[in-house]
Amino acid sequence: MGDILSLVAKRLGLGLFILFVISVIIFFMVEALPGDIAQAVLGQGATPENLAALRKEMGLDQPAIVRYFEWLVGALTFDFGTSVVTGNSVAAIIGDRFTKTLFLAAYAAVIAVPVAIILGIIVALLRNTIFDRVANVVTLSFISSPEFFLGYILILYFAVQWGMFPAISSVREGMGFFELLERTFLPALTLVLVVVAHMMRMTRAAIINLLASPYIEMAKLKGVPPWKVIVRHALPNAWAPIINVIALNLAYLITGVVLVEVVFVYPGIGQALVDAVSKRDFPIVQAVCLIFAATFILLNLAADVGSILTNPRLRHPK
Amino acid sequence: MSNSEKDYMMDRLAAEARMGRISRRSFMHYSMAAGLTASAATGLWTSSAKAAPQKGGTLRVAQHDGNTSDQHDPGQYQSNFEIGYGHTVRAYLTMINPDGSLGPDVAKEWSATPDAAEWTFVINENATFHDGNKVTGADVVASLNHHRGDNTTSAAKSLLTDVEEIKDNGDNSVTITLSGGNADLPWLMTDYHLAILPANEDGSINWQSGIGCGPYKMVELEFGVGGRFVRHEDWHGEGAWFDEVQVLVINDPNARQTALVTGDVDTASLLDNKTLALLSRNPQVEIDNVASAQAITMPMHCDVAPFDNVDVRNALKLAINREELIEKITFGAATVGNDFHHSPAMPYFPEGIEQREYDPEQAKSLLKKAGMEGLTVNFSTADSITTGAVDAAVLYAEHAKEAGITINVVREPNDGYWSDVWLEKPWCMVTWGARPTPDVMYSLAYKEGADWNESHWVNDEFNKLLQQGKAELDQEKRKQIYHDMALLARNDGGTVIPYFPNFIYGRRSNVKHTGALAPSWQMDGYRYASRWWFES
């Protein structure tokens, strides 16, 4: 167990270093965007005096490097500063929205992960049959379409034609849990369709790969029924790659919902990011990008640890 | 029946219909008996019976252009959500009526000295803030001062540069002294920045709380997401028929339209012109297509070759087929422009100025006269300016080919367009929001030395007339002045104005309005919350 702890600590340290590098990249990329924040805030109607007054008020007359370190020190204590546009605390602006995004991601994950794994096992069992091919073609065509297109198709049928679900996922405080589930069903379904293919195909590949191993042959020769061969003998050894692809897709669910949130008018963090970019609201853009980067790093870490736990051989690297 | 008897009869009938006392069938029967044709009677029934506003209901609104970065400070209002919110929760000294005229809001009346340099506004004694306090002169003074002075970050600062003093007279009136005459000052007070808000002790205003003196009170509000507002029972104006208004920010045009079609919302702002034909087939949806004072302009820098030659400028104005642009780019939803920045939706519109038509032959001969046959020019544009902006530029280039002109369409990035292209490149495409009067528009963008004189146009006679018109209180004389100015801008100016885009928005068919819609902003000048109602 000690090995694992030191491994996790090492990975965490590496993750923090990557986060630092990312923070530098984010800050100076945002800085390099064309246009000017004061101009973006005041719009076409700004006069030069307006612009100068606003820049001073926002502290934009300071050099970029100074502002970067001030921000970094704050971020280390989870103080992401205040929005330069509205003057409100960044943490307050994105905190609630991040929770909403997490909810949507969790909703999609709860459906997508079991469906993908079960479907992956079934197509592995029925490999090279019509069912396998149809499942592959269908899921692949979903993954190949952009999310907003899938979203529009779902809206067209489920909301406009059949009137089963609302076309917009406006959620508010005090809404019942089931109403919440109903209102956010279409965006969740869009996300499910987008991520299922990836996880399903990885499950299928991992299991098929194992089915050629001698110990599986042995089990088959002993007369173990096919489903048991898979669930008992193949699956436990297939977890490592599956966990990896699940983690990757979970990260995608959290960070990749920007378009889905826009299409379904869901007040999550993606929308906040789009707004902030267009207004050059650096602190919000930086905070959101850092959160996204941290999400990826943490989930990858979790995936690594998970694969090691399920595969004793990986615990003792040579 | 004599005509006066007939009128009396029809008035009676219309009144009965409005109260709901007679059925449509008997209304038709009686009015036809009174000598009306069937179609006239139907029209009258629609305008009288349905035009009876009634209280009740929750209006759900899909609003475009709302951002997380929106805010309460009226000096920094910029997005459409903020403007709509400003007109729902807050109030202004004056307002633009549905017919485009000027009407009272917080100020019930106003008057000027004969040189139009000193204006007195009398505050409506019924005007009340949401916390129960009456609106006083001090509130008005503080609210306007918020946009003045060296340290203000207000975008409305330029509107009030001529203001020398704002004085609370202590008798529920406020006097504004200007450095020169300005007959349009009451019109300027409709500007969406100049909201009347409660004053603090130190002369600043309390804009942080979201309290106003408008028709609706804020219940909850999250910028970039939406808000909920309930009727302010002590409002000083007429209307505010809905019990509650829920505004939902939907920036995606497709989602907005879908929400309107499925009935998830009752009204939606800014619909996509492309889908108008399809939407109008839906009997549940009504589309409002309102001529506006917004404009698409194409300013050429008059001090840069080849645009310093008036013949070249006019050749380019003749080389554009406006009708085709309106038909193909806006799907017919625009008013044709005539190269002066004065839309028919603005007051003092000049009648009788000949419409400039597409005439490549004449353009050719003008270029020949200028010695510039086979002219080649660059024209900058960007997607974000208006729907189909790049397509419009390419179409213009096609039209100009007929006149032997090569227009190179330069597609600029959306980001930074207003700082890097507008006012910088010698010829580009620009979009302007609606301004209340020709004086405001001409002073902003056509006067010599104005910050936004986008065509660098200098015409002494025009500037002289502008100065004259500013202080002229005689309406007939003013109209003549703006007529002469329009003519000068059309024949000598450096700006091609192909069209004035309409405001297009939609509502479920049970949402009613009087049929007249203000040309100042989307959604009835963003006063839908106080002017519209639900049919029972």
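Is B:Arg231 buried or exposed, and what is its relative accessible area? In this predicted model, B:Arg231 is buried, with a relative accessible area of 12%.

**View 1. Salt bridge between B:Arg231 and B:Glu233.** The closest N and O atoms of the two residues are 3.3 Å apart. B:Arg231 is buried, whereas B:Glu233 is exposed, with a relative accessible area of 56%.

**View 2. Salt bridge between B:Asp266 and B:Arg60.** The N to O distance is 3.0 Å. B:Asp266 sits in the loop between helix H7 (253-262) and strand S11 (267-268) of chain B, and B:Arg60 in strand S1 (residues 58-63) of chain B, so the pair ties together parts 206 residues apart in sequence. B:Asp266 is buried at 6% relative accessible area; B:Arg60 is partly exposed at 29%.

**View 3. Salt bridge between B:Asp105 and B:Arg527.** The side chains meet at 3.2 Å, N to O. B:Asp105 belongs to the loop between strand S3 (102-104) and S4 of chain B, and B:Arg527 to the loop between helix H17 (522-526) and helix H18 (528-531) of chain B, so this pair ties together parts 422 residues apart in sequence. Both B:Asp105 and B:Arg527 are buried.

**View 4. Open sheet of four strands in chain B, with the order S4-S5-S7-S6.** The pairing is antiparallel. Strands S4 (107-112) and S6 (163-168) of chain B stand at the edges with a single partner strand each, so one side of each has no neighbour in the sheet. The twist averages 20° from one strand to the next. Helix H5 (residues 137-145) of chain B packs on the sheet and touches S5, S6 and S7 (173-178) of chain B. The direction of H5 makes about 160° with that of S6(B).

Notes:
Residues numbered from 1 in each chain as written. Chains lettered and ligands numbered in written order. Predicted model: local features only at pLDDT ≥ 70, side-chain atom pairs only at ≥ 80, totals over all residues. Heavy atoms only, no water. Pairing = 2+ DSSP bridges. Helix = DSSP H or I, 4+ residues; strand = E, 2+ residues; numbered from the N terminus. Axes fitted to C-alpha atoms, helices over the stretch in contact; angles between N-to-C directions. Contact = heavy atoms within 4.5 Å. Salt bridge = Lys/Arg side-chain N within 4 Å of Asp/Glu carboxyl O. Buried < 20%, exposed > 50% of the residue type's maximum accessible area, 1.4 Å probe, protein only.
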